[in-house]
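Here's a quick briefing to read alongside the model. Have a look at the fold first, then go through the points below.

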Amino acid sequence: MKSLNIAETTQGGIETYFESLSRSTLMQNDFLAVNYHRSLLPLAAKGFRPLNVLILLYTIYFKVGISRYDVIFLHSSFAGLLRPFLWPLAKWHKIKLVYCSHGWAFDIHYNQAWKNRVYKSIYVWAEKLLTLFTDQVYCISKYEYSSGLAIGLPERKLTMVWNGVQGSELARVDAKEDDSVIRLLFVGRLDKQKGLDKFLSALTQLPSISTQVELSVIGEPVRNDCPELAELLTKPITNVRVRSLGWVANNQLDQYFAQADVVIVPSLWEGFGLIVAESLRNGTPVLASNVGSLSDMVTEKTGWIFDYQQANSLEMLLDNVINQRQYQTIDRAECIKHFEQNFHEDVMNGHYFDSLRQLG
């Protein structure tokens with residue numbers, strides 16, 4: 001079985017996802033994407049995303065031999081706009097046209113209430129219309145699947161396949177350098193969505209922190225929609241040392257995950273918690289918010305979930321995890337086991353192969 005995977009951008013999680021697909025031993029995955037090193041043809045970004053989509057459409061019609069593929073797989077919202085234009089071509093060549101949003105656009109939160117109402121209505125309408133030109137819509141989490149049903153997408157066209165990532169690049173989980181210091185780790189964009197500002201604010205609200213805490217922050221701003229975060233990162237907190245590390249190469253991330261006692265994922269919304277999977281593969285428990293897929297990914301054996309809607313939920317949890325050292329009750333082997341059973345790329349690739357084969 002041969003699949004052509006198409007994306008307007010691979011920034012962030014899409015590139016990790018494509019790399020996992022490229023290692024599948026069950027089917028051949030080719031790629032067509034802007035600024036992606038595995039792309040069949042080199043495509044450079046034009047700085048205007050709709051123009052990138054038009055270039056993709058032209059390339060598919062006139063430069064790629066579509067007839068040799070069994071599946072055309074569109075990834076993320078901008079590539080998803082191609083569905084009505086590729087539908088006749090796919091039907092003519094008896095190719096299955098499938099799509100994955102990698103996080104619904106209608107789940108994005110905006111600071112202005114009117115934007116939330118208007119933009120969500122537009123995105124919901126667009127997804128319902130575009131699904132008419134799709135053989136299958138893949139959801140990367142239970143939450144995304146439920147959200148698709150909730151807006152009225154047909155159940156027969158929805159299939160859930162958890163995202164998967166490669167196993168840890170470390171041969172083993174290294175021992176901690178110093179058990180007297182609790183090491184927390186945050187990895188992600190320093191933007192409003194990722195919730196680091198709320199996490200730091202919660203730390204400052206604790207009556208006391210009875211032990212030394214080191215918080216390592218990997219990432220930089222992308223959207224620049226959380227200006228207060230710069231001040232929070234430098235604001236003194238008793239017994240807390242914050243290390244801002246900027247971006248770290250992907251092949252070096254595992255050592256940071258393995259050395260951490262707890263990885264924090266305080267997001268305001270998430271389609272799939274890639275950081276959760278990467279933490280668990282290194283045996284490190286996760287403290288996460290109950291938004292999107294996160295509450296489905298973290299179990300009581302692998303971490304903790306807090307609720308932003310419940311007053312002081314995060315502060316109470318931090319008191320237990322830090323001051324009561326609750327993180328020491330988590331068996332790191334359970335975290336790795338949970339990852340291997342649910343979020344390993346081999347599991348994902350197997351589910352995709354079985355599902356696409358059933359499409360005929």
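How many bridges join β5 to β6? There are 3, and the two strands run parallel. What you're looking at is a predicted model, where local features need pLDDT of at least 70, side-chain atom pairs count only at pLDDT 80 or more, and totals for chains, interfaces and linings use all residues. Residues are numbered from 1 along each chain as its sequence is written, and side-chain values use heavy atoms, with hydrogens and water left out. Helices (H or I, at least four residues) and strands (E, at least two) are DSSP runs, numbered from the N terminus.

**The sheet with β5 in it**

- This open sheet has 6 strands in the order β2-β1-β3-β4-β5-β6, with parallel pairing (two strands pair if DSSP finds at least two bridges between them).
- At the edges sit β2 (28–33) and β6 (158–160), each pairing on one side only.
- From one strand to the next, the twist averages 25 degrees.
- β4 (residues 96–100) pairs with β5 (residues 136–139) in the parallel sense over 3 bridges, and Tyr 99 stands opposite Val 137 in β5.
- On the β6 side, Thr 159 is the bridge partner of Tyr 138.
- Both faces of β5 are covered: Gln 136 and Tyr 138 on one side, and Val 137 and Cys 139 on the other, are all buried. Buried means under 20% relative accessible area, exposed over 50%, and partly exposed in between (1.4 Å probe, protein chains only).
- Helix α4 (residues 83–92) lies across β3 (71–75) and β4, running at about 155 degrees to β4. Axes here are lines fitted to C-alpha atoms, for helices over the stretch in contact, and angles run from 0 to 180 degrees between N-to-C directions.

**The sheet with β11 in it**

- Another open sheet of 6 strands goes β9-β8-β7-β10-β11-β12, again with parallel pairing.
- Its edge strands are β9 (240–246) and β12 (303–306), and each pairs on one side only.
- Neighbouring strands are turned by 20 degrees against each other on average, ignoring direction.
- Strand β11 (residues 286–289) runs parallel to β12, joined by 4 bridges; Ser 289 stands opposite Phe 306 in β12.
- Helix α7 (residues 196–205) packs on this sheet, touching β7 (181–187), β8 (212–218), β9 and β10 (262–265), and its direction makes about 170 degrees with that of β8.
- Helix α10 (residues 274–281) lies across β7, β10 and β11, at about 175 degrees to β10.

- Arg 332, Cys 335, His 338 and Phe 339 are the buried residues of α13. They cover an arc of only 120 degrees around the axis (taken from the directions from the helix axis to the C-beta atoms), which puts them on the same side of α13.
- Those buried residues pack against α9 (250–259), α10 and α11 (294–297).
- His 344 sits in the loop between α13 (332–342) and α14, and it's buried, with a relative accessible area of 18%.
- Leaving aside neighbours within four places in sequence, His 344 is in contact (heavy atoms within 4.5 Å) with Gly 164, Val 165, Gly 167 and Phe 339.

**Where α1 meets α14**

- Helix α1 (residues 13–22) packs against helix α14 (residues 345–358) at an angle of about 70 degrees, their axes 9 Å apart. That makes α1 roughly perpendicular to α14. Angles of 65 to 115 degrees count as roughly perpendicular, under 35 as roughly parallel, over 145 as roughly antiparallel and the rest as oblique.
- Tyr 17, Ser 20 and Leu 21 in α1 meet Glu 345, Met 348, Asn 349 and Tyr 352 in α14.
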